[in-house]
Amino acid sequence: MTIITTTREIRLASRPVGEPVPGNFTLATVGLPPLADGQVLVRNTWMSVDPYMRGRMDDGESYIPPFRLGAALEGGAVGEVVASRSDAVPVGATVAHFLGWREHAVVDASAVTVVDTAIAPASAYLGVLGTPGLTAYVSLTEIAPVRPGDVVFVSAAAGAVGSVAGQIARRLGASRVIGSAGGPVKTEKLIKKFGFDAALDYKAGPVAEQLASAAPDGIDVYVDHVGGDHLEAAIGAMRDGGRIALVGAISQYNATGPVPGPNLYPAATKQLSLRGMVVSSYLHRFPEYVERAAGWLADGGLRTEETVSDGLESAPEAFFGVLRGANTGKMLVRLDAR
């Protein structure tokens, strides 16, 4: 058996100003510490890049600590346990954990989750069976709950969370599901693959006008990943008592100055509910969600897609891509370390 003593990782070299650039990252080879009792060594096979990581690159107060300069970044990953000093997590197990952006990770056994690759491929635990899927599920069952007959609008609907959210909304009884995405290829996929009733191309014209045409009688639920003009359009289209899940605001992640916001007065007169969603507050609902989602995957009622980049070196470009909307479904990096 080969003893692994070094690995490669991607570090934050400098904090981005506006849109991130390659110079903000550096690739380093580092030594691996020996395992302590209760730890495992994981050879990462897949890692995730997600829009929320952009906020962690700034040195500001938020719901999650910023990345440290000169240190490896972090994020979702899955891999194979190649050494273990834990009876609970044996060698050969496939696990999910939060030390991505590196090819190998020394992790406390208490911080990994053994996943069942008989249910779905390992990569699915970073997407549909991971925090993106859980985000969609909790958003539509608790944050902005869907009721039978509701009209639901999802922005960034071709992304990792949005593509799942539209399908879950249907499962929960929505009568009409509308999604927005950028470009005709993605909007066509929303309808033909993910089962949306209507798709808005935000690059083709004002979102508010397109939404009014797709939902002339208004909407009841909105899952927001974009902010800005999408949120403003949704508030304008909301029926009285409508519900909005504030999941993300990708339109302003790279902003360097004040960002215009929507007029919230209609939210008051329509008695709307706008509620933020941070998935780390709902990890206790993972078992419930995975059980339901596994059934939906098995019966074909939940369809997924992945956009894959190969090799650790490609992770920054994959991250830039997810901020630009280059992905359909989950953006992943496949790692090939041995």
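Trainee: What do the buried residues of H5 pack against?
Mentor: In this model, which is a predicted one, the buried residues of H5 pack against strands E8, E9, E10 and E11 and against helix H6, residues 228-237.

Trainee: Which residues of H5 are buried?
Mentor: Helix H5 covers residues 207-214, and within it Val-207, Leu-211 and Ala-214 are buried. Seen down the axis of H5, the buried residues fall within an arc of 65 degrees, so they line one face of the helix. That goes with the general rule that an α-helix has 3.6 residues a turn, so residues three or four places apart point the same way.

Trainee: And what is on the other side of H5?
Mentor: Glu-209 and Ser-213 are found there, and both are exposed.

Trainee: Let's go to the sheet; what is the strand order?
Mentor: The sheet is open and has 6 strands, paired in parallel, in the order E10-E9-E8-E11-E12-E13. At the edges stand E10 (198-201) and E13 (273-276), each with a single partner strand, so one side of each is left without a neighbour in the sheet. On average, and with direction ignored, neighbouring strands of this sheet are turned by 15 degrees against each other.

Trainee: How many bridges join E8 to E9?
Mentor: There are 4 bridges between E8, residues 151-154, and E9, residues 176-181, and the two strands run parallel.

Trainee: Which strands does H2 touch?
Mentor: H2 packs on the sheet and touches E11 (219-224), E12 (238-246) and E13, with its direction making about 140 degrees with that of E13. H4 also packs on the sheet, where it touches E9 and E10, and the direction of H4 makes about 165 degrees with that of E10.

Trainee: New topic, backbone angles: what is phi of Trp-101?
Mentor: Phi of Trp-101 is near 65 degrees, which is a positive value in a residue other than glycine. As a general point, most residues other than glycine have a negative phi. Trp-101 lies in the loop between strand E5 (94-97) and strand E6 (104-108), and with a relative accessibility of 0% it counts as buried.

Trainee: And where is Gln-271?
Mentor: Gln-271 is placed in the loop between helix H7 (265-269) and E13. Its phi is near 55 degrees, again a positive value in a residue other than glycine.

Trainee: Does Gln-271 count as buried or exposed?
Mentor: Gln-271 counts as exposed, at 66% relative accessibility, whereas Trp-101 counts as buried.

Technical notes:
Residues are numbered from 1 along each chain as its sequence is written. This is a predicted model: local features need pLDDT of at least 70, side-chain atom pairs count only at pLDDT 80 or more; totals for chains, interfaces and linings use all residues. Side-chain values use heavy atoms; hydrogens and water are left out. Two strands pair if DSSP finds at least two bridges between them. Axes are lines fitted to C-alpha atoms, for helices over the stretch in contact, and angles run from 0 to 180 degrees between N-to-C directions. Contact means heavy atoms within 4.5 Å. Buried means under 20% relative accessible area, exposed over 50%, partly exposed in between (1.4 Å probe, protein chains only). The arc is that of the directions from the helix axis to the C-beta atoms.
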